[in-house]
Amino acid sequence: MLRLSLIALGLLGLLLASPAHAQSGLVPPWGTGESQGEDLAISLATFSPGDDVPAWWGHGSLVVEDRKLGVSRLYNYGMFSFDDAMLARFAMGRLEFWVGQARAEATYRYYRAEDRDVRIQELNLTPEQRVQVAKRLADNVLPENREYLYHHYNDNCVTRLRDMIDVATGGQLREADRAPGRMTLREHTRRYTAVNPPMSVLLDFMMNDEIDQPITRWEEAFLPDELELQVASLQVKGADGQLRPLVARQWNYYEASNRPRPPVEPPPWGPWILALGLGLGGAALGLAAWERKKGGRLPRVLLGLENALIGLVLGIPGTALFVMWLVTDHTVTYRNENLFLANPLTLLAIPFGVSLMRGKNPKARTRLFKLWAVLAGSGVLGVVLKVLPPFDQDNWRLIALILPISLGMAGAFGLERLLARLPGGARTSARRDDPVARLEAP
């Protein structure tokens, strides 16, 4: 299960990645100085999100074409190898990507086969700027230059394109992008992961307040769609001092007919998440009341099963989050306030819940009460601490989900303990063939 959890978490580090295409070993003419600036065209290609997790974010590439010599290359900074070694490197926070080159037409056909938009923007650069960009791309793809340490927000396959365009325009893109961004990195992440609510909640759980701070439009351009919009709106100043659009022309190579764009805003899931948390916490209370009133084996088994499953679903991510903070370079997981809600202690609900299901350990209820009381208390502490400035993580959705569960579990076992101490509080209605009922009755 830990391996499966790491795989799920590894998907966080694959933002904006795309499949590796076959590379050409030939050095293009702009890499040897053969191409003339007047013959070159530089284009930004944007690919819409796809179906699998790494493709949810879309993708982008730069394309260089020498129209006189009839040569073109697409430069892809999203190359990676999805294998055990890659997962191990990601687990330690050191995921290496590289830039590759491929034939543009073949890449466009690949995305068309996946029914993903292919949108092209030819950049309105001077001949000198075209030579500069083309030469840098040709140099970047060389074996000694091609690898880089990937960061899902700060240094990915789209931010590299952004930086390349900014250098070509003399810093004008960055200057225009000093304006405040529309939303935080977390909100952008939530709207792009809305296609899969469970994975969206998991990724939300794993990330700390580093992605909750105000950002600029420059930082928003970690997303292909955002960079595309910024390039389309930018007016650059030429040598003559006149403003001109950065995009000379744009067109759709392919437009998917049935694939929706990512939502403009994060989905309003808060009430539904709260309802789920209240439902699971209330279910524990209901099962405890049912067992006390009717006795029998079924409510005890169901209550133990709920404890074990919740311990599994919350305990594994909580443990992984704790380990990633202690021993990895994943700064986005450090000092995560969600550890107040779920952490390695949560895993104890698995054996304690199984023990309750089997009905052979009279201490199972006491242990579960103490466990959930501690988790509920730490969850409440996490909420109280939010009055202090350092505790500003946007994790209210996780609080709405997990805290009611902990409170419901603690209440289920705590109320039973309280009633058992009152006069006449023995579980006389419990079935005498229940081993736990016999052991706990006075």
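Predicted model: local features only at pLDDT ≥ 70, side-chain atom pairs only at ≥ 80, totals over all residues.
Residues are numbered from 1 along each chain as its sequence is written, and side-chain values use heavy atoms, leaving out hydrogens and water.

Q: Are helix 12 and helix 13 roughly parallel or roughly antiparallel?
A: Helices here are DSSP runs (H or I, at least four residues), numbered from the N terminus. Helix 12 (residues 270-294) and helix 13 (residues 298-327) pack at an angle of about 155°. Angles under 35 degrees count as roughly parallel, over 145 as roughly antiparallel, 65 to 115 as roughly perpendicular and the rest as oblique. Therefore helix 12 is, relative to helix 13, roughly antiparallel.

Q: How many charged residues are in the contact of helix 12 with helix 13?
A: Contact means heavy atoms within 4.5 Å, and L280 and E291 in helix 12 are among the residues that meet helix 13. Asp, Glu, Lys and Arg count as charged. By class, the contact has nine nonpolar residues, no polar ones, and charged residues numbering three.

Q: Is R174 buried, partly exposed or exposed?
A: R174 sits in helix 7 (residues 172-176), and its relative accessible area is 42%. Buried means under 20%, exposed over 50%, and partly exposed in between (1.4 Å probe, protein chains only). So R174 is partly exposed.

Conventions
Axes fitted to C-alpha atoms, helices over the stretch in contact; angles between N-to-C directions. Helix = DSSP H or I, 4+ residues; strand = E, 2+ residues; numbered from the N terminus.
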